[in-house]
Amino acid sequence: MGADPVVCVTGAGGQVGLALREWLPGARYLGRADLDITDPEAVARVLPGAAVVINCAAITDVDGCERDPQAADRVNAAGAANVAAAGARVIQLSTEYVFDGELEREYREDDEPRPRSAYGRSKLAGERAVLAAGPNLVVRTSWVYGEGRNFLRAIQAADRAGRELRVVDDQWGRPTWARDLARALAGLAVADGPAGIVHFAGDGEPCTWADLAELAVGRPVLRISTDEWGAPAPRPRRAVLALDQARSLGLPLTDWRTSVASYLEAAA
C-alpha cells in the first residue's frame, strides 16, 4: 500500500469528520461552507489534486429524509456521484439502513440491500454511484455517536431534565464511536487501499436502543416498540452488520460497551 496520499475529508463538521482530525491531522477538511457536494462545478474545482476523498457529507436525519426525499437524493446520491466523478479514490460512508433488517443473522457485505426508507434508498444510490466510478470503497456503519448531537447526549439531557425516558426496544444494532470509525478510516485512506464494501461498527453482542439508553443514564427506562414510538420513517428491525471482513483487513475493532464507557467518561 502507498503512504502519505493527499487526503480530503468532505462533511468535515459532522461527528466522523471531527473525529478524523485526531487520526489524519494533515488532511484537508472541507465543511459545508467550504464545499457543497451537490454542486458538480464546485466539486470539480475543489477536489482535483486529492489522492483520496473520505466522503462524510450526507443528510443523516432519517425522518427529515422521509419528509423530503428529493433533498436526500441531492446530497446522499447525486452528491456522492459528484465526489466520485472528481477522479480521486473515494471512501464513501454508508449505513445499515440500506438493509430492511428482517434477517435474523448478521448482514454481510454481499447481502442484497433492501432499504425501507428514503434515507436508506438515497444512501444505497450513493454507494452504487461511487462503486461504479472506479476502485472505490464503501464503509457501512451503524448507530454512530461522537462529538456533537447524538443519541447518548440526547438521552442524558432528557434524563437531567427529569423527562420520562421512553426508548425503543425492538430495534437491534451495534453502536459505533466516531473515534473508532475514524481510526479505521484513517488506516484505509491510502491511494491503493481496498475497494468494494466493508462493514465497520462496534464489536460485541448487539443491543437495543433501550439497552444503550440504560447504559448511558445508569437506570431503567420505559421500553417501548417502534410502533409506539411512531416515527415517520421506517427503521430496520435488526440490521446488525457482520464484521468478519473488517477483521480480515486488520481494522481496529473495539467492543461497543468499552467504547461507550470511554466516551461517557470523556464527556462527563
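Here are two exercises on this predicted model, each with a worked solution.

**Exercise 1: a histidine and its surroundings**

Task: Work out where His 199 sits, whether His 199 is buried or exposed, and which residues His 199 is in contact with.

Solution: 
- Step 1. Now check the surface. The relative accessible area of His 199 is 0%. Buried means under 20%, so His 199 is buried.
- Step 2. Look for partners, skipping the neighbours within four places in sequence. Among the residues in contact with His 199 are Phe 99, Tyr 107, Arg 140 and Leu 243.
- Step 3. Zoom in on Tyr 107: its backbone oxygen is 3.1 Å from a polar atom of the His 199 side chain.
- Step 4. Asp 73 is 126 residues from His 199 along the chain, and their C-alpha atoms are 22 Å apart.

**Exercise 2: a pocket and its lining**

Task: Describe the second largest pocket: how much space lies in it, and which residues line it nearest its centre?

Solution: 
- Step 1. The space in the second largest pocket comes to about 170 Å³.
- Step 2. Its lining is made of 13 residues, with Ala 19, Gly 146, Glu 147, Trp 177 and Arg 179 nearest the centre.
- Step 3. Two or more lining residues each come from helix 1 (15-23), helix 7 (178-188) and helix 11 (256-267). Helix 1 gives the largest share, four residues.
- Step 4. Sort the lining by class: seven residues are nonpolar, two polar and four charged.

Definitions and conventions:
Residues are numbered from 1 along each chain as its sequence is written. This is a predicted model: local features need pLDDT of at least 70, side-chain atom pairs count only at pLDDT 80 or more; totals for chains, interfaces and linings use all residues. Side-chain values use heavy atoms; hydrogens and water are left out. Buried means under 20% relative accessible area, exposed over 50%, partly exposed in between (1.4 Å probe, protein chains only). Contact means heavy atoms within 4.5 Å. A polar contact is a pair of N or O atoms within 3.5 Å; within protein, one must be able to donate a hydrogen and the other to accept it, and residues adjacent in sequence count only if both atoms are side-chain atoms. On a 1 Å grid over the protein atoms alone, a cavity is a set of points where a 1.4 Å probe fits but cannot get out, and a pocket is an open set with protein on both sides within 12 Å along at least five of seven lines; lining residues have an atom within 4 Å of a point. Grid points are joined across faces, edges and corners, and a volume is the space filled by probe spheres set on the points. Ala, Val, Leu, Ile, Met, Phe, Trp, Tyr, Cys and Pro count as nonpolar, Asp, Glu, Lys and Arg as charged, and the others, Gly among them, as polar.
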